[in-house]
Every structure is written in C-alpha cells, then in structure tokens.
Amino acid sequence: MKRYYLLIVFCLTFSHLFAKSNCHLATPPNQKIICGKFSAQYWNPLPDSIVERIVGKSWKPDCPIPLEDLAYIKVAHWNYNNEISIGELIYHKNLALEIIEIFQELFEAKFPINKMVLIDDYDANDDLSMESNNSSAFCSRAVTGRPGDFSNHSYGGTIDINPVENPYVRDGVVLPKGSEPYLDRSLKVRGLIHEGDACYQAFVKRGYIWGGHFITLKDYQHFEKIP
Ligand SMILES: [Zn+2]
C-alpha cells in the first residue's frame, strides 16, 4: 500500500512539472529535460568548472548558503532576434526544477530574454551585468544601497529579468544607466514585464514576490522566493 502511495505522489509531482507530450521527465540529479523545442539541464553538485568560475566572484566564503546547495542550470529561451538561445544560471537546488518549469512557460509564451549568462562573466558586478541587459540569478552581495546586508540574490531563489526594460528605481536613482525610458510601464516593448503577463504569472503563481510591488522602491526586473 505504501509503495502505491509513493508511486502516486511521484507521478503527481512530475506529471505536474512536465505534463506535456514529448517531454522527457526530469529526475535528479543532472538530467536533461526536452519538451518539444524547449530543453533544459541542471547539475547539482556544481561541476568543477563552474565552481572555478564563481568562487571569489558571485560565491565567497561569507556567503549565507554553501556551494553544495547550488545548482547550475542551462535553459532554452527566446532572444530579442526571435531565435532560441541557451541561457545559464545558478539557483538553489530546492528550486531548480521549479525555475526550469518557469522557463518552460516563458518559452511557450515566447516571452523574450535578451541574454542570460552568469554574473561572474562581469566579475559579479551587478551594474555591468545590468548595463548589458543580462538576466541573472544567484550572486552573494549586499542589498543595493545597504552595504553589509545580504541581498536575496545571495540565497539562490531570486532572479532579475531583462534589467534594461525593467529598471530598478529608488529616490530618483534609476539603474541600469539608459533604462529611464522604461519607467513608463505602459510601453509595449519586447522583454518588458507587465503586471499580469505570462512572465509575471509564471513567477507569482508559484509564490514569488515581484519587485514591481515593492513600496519604498520599484525593482521591475526582480522576482524573489525563499528556497
Ligand atoms: Zn534583483
């Protein structure tokens, strides 16, 4: 009886995650997921090459979570040229399958993402990453404007999407540079997140908080969840 129960729980969990025809189901660890034109893969623990890439940059010994809790993920996404690109991100292992499921929804809705490489390619400098309109997730760093206070990006359940079209604004300071026109949230331009659109829904229905709802500042690129 217990065996049947476990089987049912397993089937419900994974059929919920990838309940599309032609999908290869994901089972941890390090499985490739292919679902029509969408594909993804994740690794936990991190491959040595990724550890070398992030230690001393986005991950440092004072980071609030250990390297063992992080997963390296590759996902297909539509880019601004209407082509399929493969993006990469670092995420908390507990939310790895869920963020892949979110990217699958963005892919199916053709929500475009300009670029998604590890923030370590910018020496973990968030300003430089944002200026090149790079979407990024894990980075152990202080809250913007609050040195010494860890940002939620340090815990692996937080992601910034298309920073140029979805700026951060506080007390008149708009980041990244050049993103001021996109403070007009009624603009209909590629990659801009509108409340209620496919990107917003994919995150919020899974319990994410959107930075566009923050009170003391607005951070339209930002979705966060506690792993
Ligand atoms: Zn953010």
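**Group meeting: a walk through the predicted model**

Let's start at Tyr42, which sits in strand β2. Strands here are DSSP runs of E with at least two residues, helices are runs of H or I with at least four, and both are numbered from the N terminus. Tyr42 is buried, because 23 other C-beta atoms lie within 10 Å. The cut-offs for that: 20 or more other C-beta atoms within 10 Å of a residue's own is buried, 12 or fewer is exposed, anything in between is partly exposed, and the C-beta atoms are placed from the backbone. Tyr42 and Leu97 are 55 residues apart in sequence, and their C-alpha atoms are 8.3 Å apart in space.

Some housekeeping. This is a predicted model, so local features need pLDDT of at least 70 and side-chain atom pairs count only at pLDDT 80 or more, while totals for chains, interfaces and linings use all residues. Residues are numbered from 1 along each chain as its sequence is written.

How confident is the predictor? On pLDDT, which is its confidence in each residue from 0 to 100, the protein chain has a mean of 90, and 87% of its residues reach 70 or more. Over residues 6-13, though, pLDDT stays under 50, and the model has zero contacts beyond four places in sequence for them. A contact means two C-beta atoms, placed from the backbone, within 7 Å.

Now the overall picture. The protein chain has five helices and twelve strands. It has 227 residues, of which 40% count as buried. Take the contacts between residues at least 6 apart in sequence: 58% of them join residues at least 24 apart.

Back to Leu97, which is one of the buried residues of helix α3. That helix covers residues 96-108. Its other buried residues include Ile99, Ile100, Ile102 and Phe103. A quick geometry check: the 13 residues of α3 should span 18 Å at 1.5 Å a residue, and the end C-alpha atoms are 19 Å apart, so the two agree. The expected span is 1.5 Å times one less than the number of residues. Just after α3, Lys110 takes a positive phi of about 55 degrees.

Most residues other than glycine have a negative phi, and most peptide bonds are trans. On the peptide side, Asn44 and Pro45 are joined by a cis bond with omega about 5 degrees, and Pro45 is in the loop between β2 (38-43) and α2 (48-54). The bond from Leu175 to Pro176 is cis too, with omega near -5 degrees. Pro176 lies in the loop between β9 (173-175) and α5 (198-204).

On the phi side, look at two asparagines. Asn82 has a positive phi of about 65 degrees, and Asn162 has one of about 40 degrees. Which of them is buried, and which is exposed? Asn82 counts as exposed because it has 9 C-beta neighbours inside 10 Å, whereas Asn162 is buried, with 28 other C-beta atoms within 10 Å. Asn162 is in the loop between β7 and β8 (168-170).

Asn82 lies in the loop between β3 (70-78) and β4 (84-92). Those two strands form a hairpin with five residues between them. β3 and β4 pair in the antiparallel sense over nine bridges; pairing here asks for at least two DSSP bridges between the strands.

Hold on to Leu70 and His92, as both of them touch Gly156. Where is Gly156? In the loop between β6 (146-150) and β7 (158-160). Gly156 counts as buried because it has 30 C-beta neighbours inside 10 Å. Leaving out residues up to four places away in sequence, it also touches Ile65, Asp69, Tyr91, Phe138 and Pro227. Tyr91 is 65 residues from Gly156 in sequence, yet the two C-alpha atoms are 4.7 Å apart.

Last stop is the sheet with β7 in it. It is an open sheet of three strands in the order β7-β12-β10, with antiparallel pairing. The edge strands are β7 and β10 (209-210), each pairing on one side only. β7 and β12 (residues 222-224) pair over three bridges, and Asp160 stands opposite His222 in β12.

Technical notes. pLDDT is the predictor's confidence in each residue, from 0 to 100.
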